[in-house]
Amino acid sequence: MKSNRRSFIQKLGLSTAGLGFGSTLSSEAKSFKPKEKEDEQVLFVGDNIAVANTQFGKVRGYILRGIHTFLGISYGADTSGENRFMPPQKPKPWTDIKPAVWWGNSAPQIMEKRYSDQYASFVDHWNYDDVSEDCLKINVWTPALDNKKRPVIVWLHGGGFVNGNAVEQDGYNGENLSRFGDVVFCSLNHRLGALGFTNLASAAGGKMAASGNVGMLDIVAALEWVRDNIANFGGDASNVTIIGQSGGGAKVCTLTAMPSAKGLFHKAVALSGSSLGGLSKEYSEKLGEMVLKEAGLSAGEIGKLQQIPWREYIDIANRAATKMAEEAKRLNLARGGFAPVADGNFLSAGTFYADNSHFSADIPMIISTTFNEQSPSRVNSALENITLAEAKENLKTRFADKTNEIVDSYAKVFPDKKPVEIWSMILSNRKGAIATADAKAKQKAPVYLAWFGFQPPLFDGRMRAFHCDDICFWFYNTDLMLTHTGGGARPRRLSEKMAKSFLNFVRTGNPNGGGLPNWAKYTSEKGETMILNDECVLKNDPDREARKSLS
């Protein structure tokens, strides 16, 4: 497995590129002049440097370019053994000063062939190291350990509910945004996949009632850690924004429907992923019973599932999920497998945002997607020159008899797009994001909708506005993700506007004033959508007529 040290060294040298983006929101950033300070010491670490207190004991991080950095702080106990499938437990207090200079273990997940695709590894240059069930760790970046009460941002990584970690891409790094906006930035790891979402409540006779949602309860525990400790890091626990992308966006939506998360966050951002409900309780309980059967155990032996090596357990659970594929189809599920369960207890049943008296009604939201979440020609240049008829042929396996109508509708609405781009936009349609925005718009807190269209000049332009490309723009990290942006002034200009608007939202619940055009809140009637590109503009539901063909 590749080491993270290469990436860490790159961060030490590359983060400074994010400091030359123009004006900033903090006095420290305004006064920072890289050329004048390029020969001065920028990294400080030592016995009495960056020492912070937590409710469980003191931690020691480091200071890099003025930002206090703490990596891999325990917010929960090891989840192995008797803690597997159980709600997260508090870590044991410590009396010494724990080092917090290296990120925590990634949650158990299948790591084989993670780097087998050279182009994917080049583009995303994933950061992975040790993987273990002792994975409940949180990272913190802050301008100072003082009493300033800065807004707090909590990042939830993508990877569905199965893969990923808090620092898998350099664009997740919180240093630049912490400095740029004078905010506290946190990211975390939590249980994933079968170890985070196997619903054994029925199979265990209630003993493991929380098992279908422990991965989300981990995130709740991390937010509780923020509530109880972030003041020691210069943060304000009464102003917390959660933000996630892809599976992380779905986690954001799920948290808004978890009773135990009430009061732990105050604003929410879902990027390229959202959710309007949890996994079927009926299906998940049957899947849990199938897992027990696949392991060759009886209900009375369920405790043995806690002792099986984690990789062996994941393989057992995945085989069970495969055998449950027909059941998922019978129940007309959008997804099967392992995900948060709408059990009516730990996660509310029914459609999210349906109740204006629910605590979610008080949470302002930003929902955003990219033009080209999927780009068929990214690794196949021959597809750049296909005809519209050939695009239709490639889409028939998904849309069957509706294919012609759908393709013709998108081609009419977007006459300037090539056939391969029409294909991409259909695969990347905003149907889910619009459904979430429509539901949220019925509540009293505003929701703002965005559509990211920036296309990097890489791979002959075939990447387009791809899935994950926008993250580093929101976080002021375009020069940390050169393989996503190409680097230089062009992406920086857009990033400055997006990051400032995001920071305004973090502070006030309103993104306006950050350099984008006036960003009206979303309504179902008009479909107000902020187009994020070299030229940003607010449009009223620009793909509505095309989307109608998908219904």
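## Surface and charge

About 21,500 Å² of the protein is accessible surface, and carbon and sulfur atoms account for 50% of that (areas come from the Shrake-Rupley method with a 1.4 Å probe, and for residues only the protein chains shown count as cover). This is a predicted model, where local features need pLDDT of at least 70, side-chain atom pairs count only at pLDDT 80 or more, and totals for chains, interfaces and linings use all residues. Numbering starts from 1 along each chain as its sequence is written, and side-chain values use heavy atoms, leaving out hydrogens and water.

On the charge side, there are 65 positive and 59 negative side chains, with the centres of the two sets 2 Å apart. Lys and Arg count as positive, Asp and Glu as negative, and His and the chain ends are not counted; each charge is placed at NZ of Lys, CZ of Arg, CG of Asp or CD of Glu.

## Overall build

The protein has 19 helices and 15 strands (DSSP runs numbered from the N terminus: H or I of at least four residues for helices, E of at least two for strands). Its radius of gyration is 23 Å, close to the 24 Å from the globule rule for 551 residues, so the protein is as compact as a globular protein of that length. That radius is taken over C-alpha atoms, and the rule is 2.2 Å times the number of residues to the power 0.38.

Of the 551 residues, 59% are buried (under 20% relative accessible area; exposed is over 50%, partly exposed in between, with a 1.4 Å probe and protein chains only). Take the contacts (heavy atoms within 4.5 Å) between residues at least 6 apart in sequence: 76% of them join residues at least 24 apart.

Helix H7 (residues 214-229) has 13 of its 16 residues buried, so the rest of the structure largely encloses it.

In helix H15 (residues 431-441), the buried residues are Ala433, Ile434, Thr436, Ala437, Ala439 and Lys440. Their cover includes helix H8 (247-255), strand E12 (365-370), strand E13 (447-452) and helix H19 (544-547).

Most residues other than glycine have a negative phi. Phe459, in the loop between E13 and helix H16 (471-474), has a positive one near 50° and is partly exposed at 23%. Tyr476 also has a positive phi, near 65°, but is buried at 2%.
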